[in-house]
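The sequence and structure come before the description.

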Amino acid sequence: MFHILRDNWTLLLIGQYPNGPLGGLAITLILSVAGLALAFPVSVLLALGRVSPLALLRLPAAAIVYTVRGVPLVMFIFWVYFFVPLLIGTTITGFTTMLVTVVLYEAAYLAEVIRAGIEGLSKGQTEASRALGMSYLQTMFKIVLPQALYNMLPAMVSQFVSTIKETSLGYVISVNELTFAANQINSTLLTKPFPVFLMLALIYFALCSLLTQLARWLERRIARRRSGSARTAPAAAVAAPMAV
């Protein structure tokens with residue numbers, strides 16, 4: 001396995017670049033980062049729709065989220081692959097297909113993460129801001145969302161881990177990502193599929209484990225800050241009457 005990695009590490013890392021298209025792990029990370037970055041604003045809008053008091057916004061947002069989350073990702077890839085060219089009147093590359101798929105698919109999942117963060121906050125903050133004369137949108141964007149997004153950072157990193165693994169399905173439409181590169185190596189060697197795909201599994205495991213540890217570190221850090229704030233608040237409440 002080690003000599004396979006030694007002879008093919010550039011193909012796994014960057015594909016055939018610079019003599020050919022960029023691929024391998026580089027495309028996997030580009031798809032994951034770009035997909036989540038583009039999905040984030042969409043997910044915020046969907047989450048706000050999900051918690052909106054207006055049924056006109058809440059019901060369509062819920063329908064989109066439930067529909068996307070209820071369809072297997074590979075089926076969603078095929079939908080985008082065949083439907084988007086009909087919609088825009090021209091063919092699109094496998095990379096573009098996978099990017100659009102990741103954006104739409106991850107937006108639905110991130111929306112539920114953000115919604116959970118919003119609903120996990122104390123309703124007293126919303127009531128206090130409204131009592132101070134802030135509008136609903138001001139309350140959401142200045143008070144609620146910043147706290148919800150901060151609290152949900154570990155869950156967002158975990159979603160990034162899931163996205164990295166999900167991009168491997170781009171193989172079915174010939175996206176030149178990490179799994180596709182491994183299959184190219186296997187097609188060249190022919191007789192060594194087990195070590196090739198074991199190596200692929202170890203690469204995914206190492207990358208995802210590193211990001212999972214980052215998520216756990218963020219979770220512990222946020223928990224420490226929360227507990228620190230919780231200890232400070234009672235102390236301030238006791239000190240205030242004494243100061244008077």
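Ring pairs link Phe76, Trp79, Tyr105 and Tyr109 into a cluster. The model is predicted, so local features need pLDDT of at least 70 and side-chain atom pairs count only at pLDDT 80 or more, while totals for chains, interfaces and linings use all residues. Residues are numbered from 1 along each chain as its sequence is written, and side-chain values use heavy atoms, with hydrogens and water left out.

**Aromatic pairs**

Rings of Phe, Tyr and Trp (its six-membered ring) pair if their centres lie within 6.5 Å; planes under 30 degrees apart count as stacked, over 60 as edge-to-face and the rest as tilted. The count by this rule comes to five aromatic pairs. In the pair of Phe76 and Trp79 the planes stand at 50 degrees and the centres 6.1 Å apart, so the pair is tilted. Both residues lie in helix H4 (residues 73–88), three residues apart, about one turn of the helix. Helices here are DSSP runs (H or I, at least four residues), numbered from the N terminus. Tyr171 and Phe180 form another tilted pair, with 6.2 Å from centre to centre and 55 degrees between the planes.

Burial is given by relative accessible area: buried means under 20%, exposed over 50%, and partly exposed in between (1.4 Å probe, protein chains only).

| Residue | Relative accessible area | Class |
|---|---|---|
| Phe76 | 8% | buried |
| Trp79 | 45% | partly exposed |
| Tyr171 | 35% | partly exposed |
| Phe180 | 19% | buried |

**Nonpolar cores**

A nonpolar core is a set of buried Ala, Val, Leu, Ile, Met, Phe, Trp, Tyr and Cys residues joined through side-chain atoms within 4.5 Å. The largest has 34 residues, and Leu12, Ile114, Ile118 and Ile164 have the most contacts inside it. Elements giving two or more residues to this core include helix H1 (2–14), helix H2 (24–50) and helix H8 (153–166). H10 gives the most, with seven residues. Contact means heavy atoms within 4.5 Å. Beyond its neighbours within four places in sequence, Ile164 is in contact with Thr28, Leu29, Ser32, Tyr204, Leu207, Cys208 and Leu211. Another core, of 24 residues, lies apart from the largest one and has Ala39, Val80, Val84 and Met98 among its members.

Ala111 is placed in helix H5 and counts as buried at 0% relative accessibility. Leaving aside neighbours within four places in sequence, Ala111 is in contact with Ser43, Leu46, Ala47 and Val65. Arg115 also lies in helix H5 (residues 94–119) and is buried, with a relative accessible area of 18%. Not counting residues up to four places away in sequence, Arg115 touches Ala47, Arg50 and Val51.

The side chain of Arg115 makes a polar contact with the side chain of Glu112, at 3.1 Å. A polar contact is a pair of N or O atoms within 3.5 Å; within protein, one must be able to donate a hydrogen and the other to accept it, and residues adjacent in sequence count only if both atoms are side-chain atoms.

Thr179 has its place in helix H9 and counts as buried at 14% relative accessibility. Not counting residues up to four places away in sequence, Thr179 touches Ser168, Tyr171, Leu200 and Tyr204.
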